[in-house]
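Subject: Model handover

Hi,

Here is the structure I promised you. Please open it alongside this note.

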Amino acid sequence: MKKKAHTLAAAGLAALMLVTAGCSTSNEASGDGGGDGEKTIKFMHLWPSGSSKQHNMITEDIIEEFEKENPGVTIETEVLENEQYKNKIKVLSSSNDLPDVGVTWAAGYLEPFVEGELFAPLDDVLNDGLKDSFVAGTTEAYAINEETYGLPLELNIAPIYYNKAIFEEYGLEVPETYEEFQEIVKTLEENGVAPIALGNKDRWTGSLWYMYLADRIGGPEVLTQAINREGTFEDPALAQAAEEIQTLVDANAFNRGFNGLSNDEGKSEFMNGNAAMYMMGTWELPNYTTNEDVPQEFRDSIGFFKFPEVEGGKGDLNSWVGGPGVGLFVSENSEVKEEAKEFVKFFVESWGERAVTEAGVIPATKVDTESVELPELYIDVLDELANSSNLTLFADVQMNATVAETHLNLIQSLFGKEVTPEDFTKQHEEALSRE
Amino acid sequence: MDKAMSNPKVIMLYTLPALFLLLALIYVPIVQTGYYGLMKWNGMGSKEFIGLVNYSRLIEDPLFWSSAYHSFLLALFSTLSLVGYLLISVILAGKIKGANTLRKIYLIPMLLASVAIAQLWMKIYHPTNGILNNLLMSIGIEEPPMWLANPDLVLFAIFIPIIWQYAGFYILIYYAALKNIPESLVESARIDGATAWDIAWKIKIPLIMNVIKVTIVLAVVGSLKYFDLIYIMTNGGPNGASEVMASYMYGQAFRGFDFGYASAIGFFLLVICLVITWLIRKVTATKEEIQY
């Protein structure tokens, strides 16, 4: 019956989650509030000590400090890996059993939780002096109906990393215009080097490329407005961006079989020196600076450039795709809400001080580049951030979950040339107007 | 003791825990899933009763039907592969040299976790570094296929490891059934002048017909609700080209936040499995009981 057990475990897993979720309808909030001043805050995060060692260490330290400063309060942690974390949060929220403090994502992801009144507004914490320490535009991504439901911990932008050694070998220079960029692609392709590493099984990876083209062609507002329904997805700029993607695909700009490769597999093409360029969030920076597991020689040969301007386009060079990564929420039904808010505030503050130097995470709070010792690449990125003219939040984060699914699938088809640019925009428009 | 065991009340008492578990963990959730299918529900917050809207949406959803088609294709191929397994088992159960070792080799894939199998085959299928494409390139094919990225190929590329994964399981079942056939039957046939082919075809296979029927049901139902390798290797992609019913359900629930619709899919999947099982039993029904 092994087979039965197998398939049951698999298909049943999802089904079981659906149902166990519904089984318990208790309204008890977690946490052992009350009782002679002893309080426990349940905290769930996604940095296991194995795969996110640095994050985990900082988190542990912050918790320890907080407990020391607040006698009588204990923090109980539960740690899960990213995907499992997402699933568990969903299941817990359907049974109204969320931890007091947990990790969440911005905008579209946040929406159902806020609608279900599961997260507590954190504006009181923000207005308690914390607001000024955040980089502009980061907490806004966590605001719904003018209330903020999460405090961001990370801020990322997506530059194009490139391998200086490969560029040098073929006499290439950082492109100033999109045409130059296309020339680079052509030269590399002719010399048998994969120009761009891409793992598009994960789909949001391809979305980054599309977003930049949309931005450079149609300006920073066109995509955002199409999503928030102030505009339309059938804007000619969005169709043109889709067309450019297919032109890149036709020029063999991406490594072979990208639609079947995960981001990690795509990335390894870049890390092995098989591909010359790679567009990814700044969370990759440690791999090019401090990560000892990556050969020094490789780390030294990596630089980054901004997505070049498209001739005749409305976008400018300093507009970035990116946005806050994860943030912290406080459960609306928590019995230790006040303590939980204290903890979140404490966490965000301490995190901002340590994240960038110790874990290489660019925090959503401002970093004083003068006072910290950082690798060159970090300083450059932080400077770019300071000079940025616009920050467009990742499209799949801006959209609600259903539309995001459509968007991501269409991105994959667009790159796979299974959909024409016209249908691509049309189907987006349909999905968006349905909501 | 015997007396106690023949007391219906005692029997009841002993079966109650299992019955309770079965009810609580299987049947109640099934009913609940059907019920959630009637709701507009994002998995959290309040549910809104919308009647059969989810089910009618399901009937009109081309993505669901294409994933259902993929599931049925998988069921077809799994069933066809049974013929091969049967053949191998007949040979193994005959007295050939090394049968024992071969049997163990066939069993190994079954011992591997699905995740390990998926990782292994993803490496094999890798477009540039994979063994398969390296092999193809070494024999002069310049542009070997991109197995998991090509929407026309991906489904079949995944079927291979799925079918390979369960080879050991079915071979084991057939092998055990064949070994159960009394030696005397085979011997008397041989004395009557039957060839090896006759013995396999006219004696052994008819005798294990019941087992074969069970494996057909297992293969078909197992395929219809198949999930693991597809989830890991392609996540249903590119753009739904390898989506099956269970992965589509998962995607709707956990990526699309549409638990109401996902529940409807789950319930419908159960109904399909029940109907198909019933159909197979019906088609393969025979009156005579096999006795050795």
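This is a predicted model: local features need pLDDT of at least 70, side-chain atom pairs count only at pLDDT 80 or more; totals for chains, interfaces and linings use all residues.

Five strands of chain A form an open sheet, in the order β2-β1-β3-β13-β6. The pairing is mixed. At the edges are β2 (73-79) and β6 (151-152) of chain A, each of which pairs on one side only. A helix packs on this sheet: α2 (residues 53-69) of chain A, which touches β1 and β2 of chain A. The direction of α2(A) makes about 165 degrees with that of β2(A).

Look next at β3(A), which covers residues 101-104. V101(A) and V103(A) point one way from the strand. G102(A) and T104(A) point the other way. Are these residues buried or exposed? All of them are buried.

β3(A) has a parallel partner in β1(A), residues 39-45, over two bridges. Within that part of the sheet, M44(A) has G102(A) of β3(A) as its bridge partner. With β13(A), residues 327-330, β3(A) pairs in the antiparallel sense over four bridges. There, V101(A) stands opposite V330(A) of β13(A).

**Domains of chain A**

Domain 1 of chain A puts nine residues into the contact, and domain 2 of chain A puts in twelve. What classes of residue does domain 1 of chain A bring to the side that touches domain 2 of chain A? Six are nonpolar, two polar and one charged.

**Contact between the chains**

How many residues of chain B are in contact with chain A? The count is 46 residues of chain B, against 36 residues of chain A. Five helices of chain B each supply at least two residues of the side that touches chain A: α2 (8-36), α8 (154-179), α11 (209-224), α13 (245-255) and α14 (259-283). The most comes from α13(B), with seven residues. By class, that side of chain B has 25 nonpolar, 17 polar and four charged residues.

Best wishes

Conventions
Residues are numbered from 1 along each chain as its sequence is written. Chains are lettered from A and ligands numbered from 1 in the order in which they are written. Two residues are in contact if their C-beta atoms, placed from the backbone, lie within 7 Å. Ala, Val, Leu, Ile, Met, Phe, Trp, Tyr, Cys and Pro count as nonpolar, Asp, Glu, Lys and Arg as charged, and the others, Gly among them, as polar. A residue is buried if 20 or more other C-beta atoms lie within 10 Å of its own, exposed if 12 or fewer, and partly exposed in between; C-beta atoms are placed from the backbone. Two strands pair if DSSP finds at least two bridges between them. Axes are lines fitted to C-alpha atoms, for helices over the stretch in contact, and angles run from 0 to 180 degrees between N-to-C directions.
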